[in-house]
Amino acid sequence: MTDSIDLQSIIFEFIGGLGIFLLGIKFMGDGLQKFAGDRLRDILDRFTSNPFLGVLAGMLVTMLIQSSSGTTVLTVALVNAGFMTLRQAIGVIMGANIGTTITAFIIGLDIGEYALPIIAIGCFMIFFFKSQKVNVIGQAIFGFGALFFGLELMSNGMKPLRSLEAFHELTLNMSDNPILGVVIGTVFTLIVQSSSATVGVLQGLFSEGAITLDAAIPVLFGDNIGTTITAVLASIGTSVAARRAAFTHVTFNIIGTVIFMIFLGLFVSYVTFLQNTFNLNPEMTIAFAHGSFNVANTIIQFPFIGALAWIVTKIIPGEDVTIEYKPKHLDPIFIEQSPTVALDQAKSEIIRMGEYSVKGLEETSLYVMTQQEKHSEMAMQIEGALNNLDKEITNYLVNISSKTLSEADSSKHTALMDTVRDIERIGDHFENILELIQYKITNKINLTEHAHEDLHEMFDLTISTVNQAIKSLELMDREEALAVVQKEDQIDKMERSFRKRHIIRMNEGQCTGSAGIVFVDIISNLERIGDHAVNIAEEVLNG
């Protein structure tokens, strides 16, 4: 009976400790991330002009958010958004692998006995201070303490494992068959979704003498492979470029593991040498092994970034369709040399932005009709691109306005400023529609067949109106602009007529009140989009 009680306490202390450890890492990462704010994205966006800077950026961001998976997911999102190329992303991913080893070094500090007072300090900062900044620092400190408290619990739970015959045999098998260690490390990291947790468990086992260094190091390699699955999951349904970035993470870690498995004996001797020379405690020994592996892997593969990109491109073929967040035509040199040319460049970028707004509307329409998540995701990406382009084009136009402009250029400048605002508002309106459909799905609200037909008809007319408005601007074609004004008049009439028809359907009990609200809100958003299309057309008519 005692054995079963012991086994229960081992399991309970281990899983409880693991839970608190994972919570600690999450709180610590979230607190640091909130403290750093949008600067994380800026760091990745700004410091990836060459792969070496990418490695440094990846390290820094991972140290801040305490998750290589988090950095890789962020990188996948940036590649998907067209902010970053695959080659730049590879550098960041390599850096993320190095940055994640910092958690193991923190664990190696062995300050577990101070875990509870650290948790208390964090809690006081969260609950007794009104300042947002103090709260997020408190969150990070609470996470830091919880990480050590979780480790202490896990360590206590793992103490009896040394005397368990089955566990002893498993570690012997792992020493004799290192591939088993790699598989165990991979699977465990896949389950807990945190390489830091696997390394923490390994540090606990090694410090309790429950596992040898020969058996522990292959598990470390496996944990590096397991951690890549989060990015792979994040890349499902994204662009080809984003899937390639996620797959690069897998390839990079598998190649590193293969290389180090070949020279496993040598690497174990090197780690033993470090342990003896610097008198490292068991936790710090594992931390140094983890750090050495990731740094050496990056150094070995860094010169082959181009080859890695080529391999991944071959494995994941396909045309790269990304939504480019960054402007393509806004060269600051034109502002100095010729404000007239700069205005033309701004107009080209606005046309591109307008084409994105049409694409976003099309994706929104598809989401309304099919309710497939991929259309919503694409539309939201486009909305993000519209916001970014709005900011960039507006700044560019503001810089142009500081130059001396002719009367014609001055009125063109004003028209372009207004047009940018109108296109950005179109993005806001289709975002509202996406949210309405998400609300409809979540609350299981059903629209009637007639309502769907009405929406389909109004979407088609609105998309064609916006498309024509952008075309009229591009060609400065008055006839196209006049057609837009007529179509917008049709949209207004359609909205009034559909609203009336819907009230009749509700009175006849064909549809519910909540369905009515969703329907009316969608058509009123489409009507507002029509208004913005007319504003664009009027700039052409007044030009």
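Predicted model: local features only at pLDDT ≥ 70, side-chain atom pairs only at ≥ 80, totals over all residues.
I looked up the loop at Gln371 first. Gln371 sits between α19 (339-370) and α20 (373-401). Helices here are DSSP runs of H or I with at least four residues, strands are runs of E with at least two, and both are numbered from the N terminus. Residues are numbered from 1 along each chain as its sequence is written, and side-chain values use heavy atoms, leaving out hydrogens and water.

I then checked the backbone at this loop. Gln371 is not a glycine, yet its phi is positive, about 60 degrees. Most residues other than glycine have a negative phi. My cut-offs are under 20% relative accessible area for buried, over 50% for exposed, and partly exposed in between, with a 1.4 Å probe and protein chains only.

Next I went to Met476. Met476 lies in the loop between α22 (449-475) and α23 (478-507). Its phi is near 50 degrees, again positive in a residue other than glycine. Met476 has 40% relative accessibility and therefore counts as partly exposed.

I turned to helix α12. Its 14 residues, 213-226, should span 20 Å at 1.5 Å a residue, and the end C-alpha atoms are 20 Å apart, which agrees. The expected span takes 1.5 Å times one less than the number of residues. Of the 14 residues in α12, 13 are buried.

Then I went through the rings. I paired rings of Phe, Tyr and Trp (its six-membered ring) with centres within 6.5 Å; planes under 30 degrees apart are stacked, over 60 edge-to-face, the rest tilted. I count 11 aromatic pairs. Which ring lies under Arg505? Arg505 is over the face of Phe519, 5.6 Å from the ring centre. The rule asks for NZ of Lys or CZ of Arg within 6 Å of the centre and within 35 degrees of the ring normal.

Last, I took the whole chain. It has 24 helices and 0 strands. The C-alpha trace spans about 85 × 65 × 50 Å along its principal axes. Buried residues make up 52% of the 543. Of the contacts (heavy atoms within 4.5 Å) with a separation of 6 or more, 81% join residues 24 or more positions apart.
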